Amino acid sequence: MSNIQNAFKNGKAFIPFITCGDPDLDTTQEIVREAVKNGADLIELGIPFSDPTAEGPVIQGANIRALAGGVTTDKIFDMVANLRKDVTIPLVFMTYANVVFSYGADRFLSKCRQIGIDGIILPDLPFEERDEFLPTCRKYGVDLISLIAPTSANRIGMISREAEGFIYIVSSLGVTGTRSEFSSDLSSLVEIVRQNTSLPCAIGFGISTPEHATHMASIADGAIVGSAVIKIIEKYGKDAAKPVGEYVKSMKEAVMKANATVCAED
């Protein structure tokens, strides 16, 4: 069983996204540890890229700041290796296909296994082209995590059946960023996913408030939050660890409300 499954073993999961190196890698480590302490079940670590096509202006800004600060993939690998001295929850990278391709897929994924990365999300990799990386991911035991969007339509079942780790459900069309409204078809989308796989699924893109988190976790197995976390980091800079921890705690409590509701219904 994939280590990623452990993120969902106690019910609904809260998954924050953090851009590595924004504002610097020492602060990233502090933020990760504070997030873990306050209830994060899995953490997405963003490897900065110069053209992050799935990201809105908030996470784009984090990428620009991190790259301007001299962050490299190798430095991020070293940071994760240090985190793994005490951080045991699942960790996944979220980045772009060119980052892996230019580094060398075999070299990149062997390093992932070496440092304890459990999965990788490549939002610009179409499902039909996943064989570019899938054999190498499997060689090193790194789950290649699939995304499903409201536009996936008749491909939802196919993607679900072939998925690994967990399924990332994109809440709405467009790029990342906080939202006030979401697709009305998420429940039916999740139902199709569950008809085709036993893997957990979590909803991301646009979630920012505890109310959002409770709602999404009531539909799926967890909630993913990126831009709202990055805004806190942008505001507090090197002092962001504690405020992020407080935010993670509030969101984890909101997710657990959904868990309690489901248990009561059962």
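The model is predicted: local features need pLDDT of at least 70, side-chain atom pairs count only at pLDDT 80 or more, and totals for chains, interfaces and linings use all residues. Residues are numbered from 1 along each chain as its sequence is written, and side-chain values use heavy atoms, with hydrogens and water left out.

Begin by selecting strand β3 (residues 91-94); strands are DSSP runs of E, at least two residues, numbered from the N terminus. Leu91 and Phe93 point one way, Val92 and Met94 the other way, and all are buried (under 20% relative accessible area, 1.4 Å probe, protein chains only).

Next show strand β4 (residues 119-121), which pairs with β3 in the parallel sense over 3 bridges. Phe93 stands opposite Ile120 in β4.

Now display the largest nonpolar core, of 100 residues, where Phe93, Phe108 and Phe166 have the most contacts. Such a core is a set of buried Ala, Val, Leu, Ile, Met, Phe, Trp, Tyr and Cys residues joined through side-chain atoms within 4.5 Å. Centre on Phe108: among the residues it touches are Ile47, Phe77, Phe93 and Ile120, contact meaning heavy atoms within 4.5 Å.

Finally, select Ile203 in strand β8 (residues 201-204). Ile203 is buried, with a relative accessible area of 0%. Its contacts include Ile169, Leu186, Met216 and Ile224.

Terms used: Buried means under 20% relative accessible area, exposed over 50%, partly exposed in between (1.4 Å probe, protein chains only). Helices (H or I, at least four residues) and strands (E, at least two) are DSSP runs, numbered from the N terminus. Two strands pair if DSSP finds at least two bridges between them. Lists of a residue's contacts leave out its neighbours within four places in sequence.
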